[in-house]
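Student: Could we go through this structure together, one question at a time? I would like each answer to end on the value or name I ask for.

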Amino acid sequence: MAKPVSIEVWNPNGKYRVVSTKSMPGTRWINLLVDQDCRVEICTQKKTILSVEDIIALIGDKCDGVIGQLTEDWGETLFSALSKAGGRAFSNMAVGYNNVDVNAANKYGVAVGNTPGVLTETTAELAASLSVAAARRIVEADGFMRAGLYDGWLPHLFVGNLLKGQTVGVIGAGRIGSAYARMMVEGFKMNLIYYDLYQATRLEKFVKAYAQFLKANGEQPVTWKRAASMDEVLQEADVISLHPILDKTTYHLVNKERLAKMKKEAILINCSRGPVVDEVALVEHLRENPMFRVGLDVFEDEPYMKPGLAEMKNAIVVPHIASASKWTREGMATLAALNVLGKIKGYPAWSDPNRVEPFLNENTPPPVACPSIVNAKALALPVSKL
Ligand SMILES: NC(=O)C1=CN([C@@H]2O[C@H](COP(=O)(O)OP(=O)(O)OC[C@H]3O[C@@H](n4cnc5c(N)ncnc54)[C@H](O)[C@@H]3O)[C@@H](O)[C@H]2O)C=CC1
Ligand SMILES: O=C(O)C(=O)CO
C-alpha cells in the first residue's frame with residue numbers, strides 16, 4: 001500500500017481532478033485549469049524525485065489527468081493506474097520525454113503531452129553560456145579569486161580560447177541546436193558545422209544571409225557545412241554542443257572512441273540528456289587531456305555524477321538548469337496544463353508544436369487545442385484547423 005502524500009488543493013469542487021506531481025512556477029497554469037472546472041491537486045511532498053509508488057498514491061481512484069516531471073518513470077505501471085482511475089491525459093513538463101514509455105501510454109489510450117518551443121532560446125542561452133565559460137575558464141578563475149590566490153595581472157593567467165573565427169559543431173540541429181548555432185555564429189562569428197538526420201534548412205538560410213551581411217560590411221564571412229557524419233563534426237569543430245533527443249540511437253553517442261577523434265583542446269557541451277555521453281569515458285578523457293573542456297548541464301546517472309567528474313578542473317557542471325528562466329518555466333507549466341486540459345475537454349491537437357506562442361500570450365485566451373501531444377497520431381486524435 002502506497003504511503004499518503006501531502007497535497008495542496010485548488011478549486012475543491014471542480015468537476016475534473018487534475019494532479020500535478022510538483023509545484024510549478026507561476027499561477028496562470030492553475031487559473032487556466034480552475035476556470036475550466038478542474039480541481040487541481042499539487043503534490044507538496046518534500047522529496048525531490050517521486051517514486052512510481054508515490055505517484056500511484058497521488059493518482060488515487062479517480063483522476064482525469066496528470067502533469068508530471070522528467071525525473072519520473074512514466075511506464076506501464078503508471079499509465080495502467082491512471083487509466084484505471086479514468087484518466088486519459090498526461091503531460092511532461094518538459095520537451096524531452098525519454099522518461100515516458102509512449103507505447104505503454106498508447107496501450108491505455110493516454111495522450112502524452114510535452115512542452116516544445118517555449119524553452120528553445122533559454123536552453124540555447126545556457127549552452128552558449130557554458131561554451132563561453134569553458135572557453136574563457138570563468139569558473140576556474142572565479143574559484144581562484146575566491147581562494148585569495150590573485151596577486152596581480154600575469155601574461156599567462158587563465159589564458160583560454162578565442163571563439164571568433166573558430167568552428168562550432170552542433171550535433172542535433174533541431175529547435176535548440178539551431179538556436180544555439182545562431183547564437184554562436186552571430187554572436188561570436190564562428191563557422192558552423194552540424195550533423196543531424198535532417199537538413200536544417202532555416203538554419204542554413206540564416207547563416208548564408210549572415211555571411212553575406214558580413215561580406216557586404218567588409219568583414220570575413222562565416223562558413224557553414226552540413227556534415228555527412230558525426231565524426232566529421234568531432235574532428236573539425238573547436239566547440240561541440242549536443243542537442244539531440246535521447247533514444248536508442250543517441251545513447252552514448254559520445255564514447256571513448258569518439259572523444260579520441262576530437263581536438264585535444266576542444267570544448268564539449270551537453271545540454272541534451274546525460275546518457276548521450278559515456279560519462280566514465282569522459283572523466284578518463286578529461287584526466288588525460290587537461291586542455292579539453294566540458295560544460296555539462298545533464299548527467300548520465302542524474303542527479304549523481306560519475307566518480308572523478310567533480311574533481312576535474314576542466315569541467316563545468318550545473319544542475320540541469322538549461323530551461324530555468326522565469327518566462328520559460330512559467331510557459332512550460334502553461335503548456336503542460338493546457339495539454340492535459342485539452343485532452344480532458346476533447347480538444348484537438350494543435351497542428352504545429354513548433355508554433356506554441358498563441359498559448360503563451362497572457363492577454364488572450366489560449367486556442368481551443370492541446371499545444372503538443374506526441375502520440376496524437378497513434379491515438380488518432382483530431383488535429384486543430386487553426
Ligand atoms: N538540459 C535541459 O534542461 C534541456 C534539455 N533538452 C533536451 O534537448 C532535446 C532536444 O530538444 P529540441 O531541440 O526541442 O528537440 P528537436 O526535436 O527540435 O531536436 C532534436 C534534433 O535531434 C535530431 N536527432 C535525432 N536523432 C539524432 C541522431 N541520432 N543524430 C543526430 N541528430 C539526431 C533530430 O533530427 C532533431 O533535429 C530534448 O529532447 C531534451 O532531451 C531540452 C530542453 C531543456
Ligand atoms: O524540457 C526538457 O526536456 C528539460 O530537460 C527541462 O527543461
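Tutor: Before we start, contact means heavy atoms within 4.5 Å. This is a predicted model, in which local features need pLDDT of at least 70 and side-chain atom pairs count only at pLDDT 80 or more, while totals for chains, interfaces and linings use all residues. Residues are numbered from 1 along each chain as its sequence is written, chains are lettered from A and ligands numbered from 1 in the order in which they are written, and side-chain values use heavy atoms, with hydrogens and water left out.

Student: What pLDDT does the protein chain average?

Tutor: The pLDDT is the predictor's confidence in each residue, from 0 to 100. The model scores ipTM 0.99 and pTM 0.98. In the protein chain, 99% of the residues score at least 70, and the average pLDDT is 97.

Student: Which residues does S272 touch, not counting residues up to four places away in sequence?

Tutor: S272 is placed in the loop between β11 (267-270) and α11 (279-288), where helices (H or I, at least four residues) and strands (E, at least two) are DSSP runs, numbered from the N terminus. S272 counts as buried because its relative accessibility is 6%, buried being under 20% relative accessible area, exposed over 50% and partly exposed in between, with a 1.4 Å probe and protein chains only. Leaving out residues up to four places away in sequence, S272 touches L242, H243, P244 and V298.

Student: How far is a nitrogen atom of ligand 1 from a polar backbone atom of C271?

Tutor: Of the 26 residues around ligand 1, those that come nearest are R175, I176, D196, C271 and D297. An oxygen atom of ligand 1 is 3.2 Å from an N or O atom in the side chain of H320, and a polar side-chain atom of R273 lies 3.4 Å from an oxygen atom of ligand 1. Between a nitrogen atom of ligand 1 and a polar backbone atom of C271, the distance is 3.1 Å.

Student: Is D37 buried, exposed or partly exposed?

Tutor: D37 sits in the loop between α1 (28-35) and β3 (38-43), and its phi is near 70°, a positive value in a residue other than glycine. Most residues other than glycine have a negative phi. Because its relative accessibility is 34%, D37 counts as partly exposed.

Student: Which peptide bond is cis, with omega near 10°?

Tutor: Most peptide bonds are trans. P303 is found in the loop between β12 (293-296) and β13 (315-317), and the cis bond with omega near 10° runs from E302 to P303.

Notes. Near = heavy atom within 4 Å. Polar contact = N/O pair within 3.5 Å; in protein donor to acceptor, adjacent residues only side chain to side chain.
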